[in-house]
Amino acid sequence: MYYIDNSCTDPYFNLALEQYVFDRLAVKKDFFILWRNDNAIIIGKHQNTMEEINAAFVKANSIEVVRRLSGGGAVYHDLGNVNFTFIAHHGGGFDFSTFCYPVMKALRSLGVEVQLSGRNDMSIDGRKFSGNSQYVKHGRVMHHGTIMFDSNLDMVERSLKVPEDKFLSKGFKSVRSRVTNVKPHLSQSISTIEFMDHLQGFMSEEFRLIPYDLRKEDLDAVRKLQKEVYDRWEWNYGESPQYQIVKRRRVDGVGQIEIHLDVEKGVIKKAAFYGDYFGNRDTKELAALLTGAKLREEDVGMLLETIHIQDYFNNLSQE
């Protein structure tokens, strides 16, 4: 098994690297990668992005949002979270225990008693510290998992806590679990980097890892894939399944406004407005204006600049 030393913390690059290794390098070889992302939410392939994130909190805290190839739930990454990836030949089907057990052995070597829990988690004393997902294709598997070693648990909770708007979605929702970090369970305090070094050393003995140095052509291909897929709004948001959203707000001096949106591939297909507000123009005109727009702030904002919003909602600011 080969090992790639990846010190990059850019989530867009790192997910592109995983796919590149799976598609191009791992046809005849097996690979193991340890890596970290800086402040990111990683969305499962089949999820509705907007349903999984606290969009206002994500924007205010400059948290990146990236969709991965594998299924499962949304997870928050920061530099206190360690990610591990196995890319290997596999007999077929989804088998999480095969790839979780080596990580569990490494943690037990540090004196931490860990267990498999649920369908794809690892836990300590019933509290989750690791979620795992897999992408299976052509007799090979990409298994990746998180290890919350010293993550900011407040950020984990707040970034994935969606406000009380109503989503009616065909996507798969994340399960919010009681979670813990690994670090408090160690008998001796070590840093995240020291933990990664221990984990890499343990895996080197377990699998006789051979270092693999990425060549310039490898890195160029990864960046090309990143630009074509993982950097794009269409992948990270537009790939969400069809869904409906109902937003309700009472605005001082305006009244109650209720917005219904039908969204498909991140594009508004239908809009309607209800409430006890006052306005001189029919909001059906506004609904028609928004139909066909991407559901992202800059696109909607540009459209709203072409109208006078108070014609539709008296006393409402453009913002």
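We start with the whole protein and then step inside.

First, some ground rules: this is a predicted model, so local features need pLDDT of at least 70, side-chain atom pairs count only at pLDDT 80 or more, and totals for chains, interfaces and linings use all residues. Residues are numbered from 1 along each chain as its sequence is written, and side-chain values use heavy atoms, leaving out hydrogens and water.

**Stop 1: the whole thing.** Show the cartoon: you'll find 10 helices and 15 strands (DSSP runs of H or I, at least four residues, and of E, at least two, numbered from the N terminus). The C-alpha atoms fill a box of roughly 75 × 45 × 30 Å along the principal axes. Of the 319 residues, 49% are buried, meaning under 20% relative accessible area with a 1.4 Å probe, counting protein chains only.

**Stop 2: the largest nonpolar core.** Select I147, V182 and F195: they touch the most other members of this 31-residue core. (A nonpolar core is a set of buried Ala, Val, Leu, Ile, Met, Phe, Trp, Tyr and Cys residues joined through side-chain atoms within 4.5 Å.) Which element gives the largest share of this core? Select α4 (97-108): α4 supplies six residues. Among the others giving at least two each are β10 (140-148) and α6 (192-207).

**Stop 3: V182 close up.** Show what V182 touches beyond four places away in sequence: L107, V112, I124, F129, I147, M148 and F149. Here a contact means heavy atoms within 4.5 Å.

**Stop 4: another core.** Now pick F13, A16, I87 and Y230, which are among the 28 residues of a core apart from the largest one.

Terms used
Buried means under 20% relative accessible area, exposed over 50%, partly exposed in between (1.4 Å probe, protein chains only).
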